[in-house]
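Hello,

Here is the structure I promised to pass on. Have a look, then read my notes below.

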Amino acid sequence: QVQLVESGGGLVQAGGSLRLSCAASGNIVSIPTMGWFRQAPGKQRELVATITAAGSTNYADSVKGRFTISRDNAKNTVYLQMNSLEPEDTAVYYCNADVFLGVGTAKYWGQGTQVTVSS
């Protein structure tokens, strides 16, 4: 079994910064892709950013230039540095990982961490 444990959410004023972390543990052979999604009240879950094991990144247009995704492959950990936060960034942020278990790949989700940006 694989677990994703997130940390780093909280309350911040507009213009501030937060850093989210997500550590994966369990019977992991490799993690080809890790990422962050978010879900605001009354809205669908949406992609924020993804990163491959080789370091290729992809961002939602709404966060480009403000958020940076990175990962430490040795620690199976992904980070999301969020700068210039806006009230519109308020949401529950979920870590996601496509994990290769040796016999196949499965998608796992973290429990979510709340990010609240006050105006």
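From the N terminus on, the elements of the protein chain run β-β-β-β-β-β-β-β-β-β-β. The count is zero helices and 11 strands. Both kinds are DSSP runs numbered from the N terminus: helices are H or I with at least four residues, strands are E with at least two. The radius of gyration, taken over C-alpha atoms, is 14 Å. The globule rule (2.2 Å times the number of residues to the power 0.38) also gives 14 Å for 119 residues, so the chain is as compact as a globular protein of that length.

A word on the source. This is a predicted model, where local features need pLDDT of at least 70, side-chain atom pairs count only at pLDDT 80 or more, and totals for chains, interfaces and linings use all residues. Residues are numbered from 1 along each chain as its sequence is written, and side-chain values use heavy atoms, with hydrogens and water left out.

Buried residues make up 42% of the 119. Buried means under 20% relative accessible area, exposed over 50%, and partly exposed in between (1.4 Å probe, protein chains only).

Now pick out Arg19. Arg19 sits in strand E3, residues 18–26. Is Arg19 buried, exposed or partly exposed? Arg19 counts as partly exposed because its relative accessibility is 45%. Leaving out residues up to four places away in sequence, Arg19 touches Ser7, Gly8, Tyr79, Leu80 and Gln81. Contact here means heavy atoms within 4.5 Å. Asn83 is 64 residues from Arg19 along the chain, yet their C-alpha atoms are separated by 8.6 Å.

Best wishes
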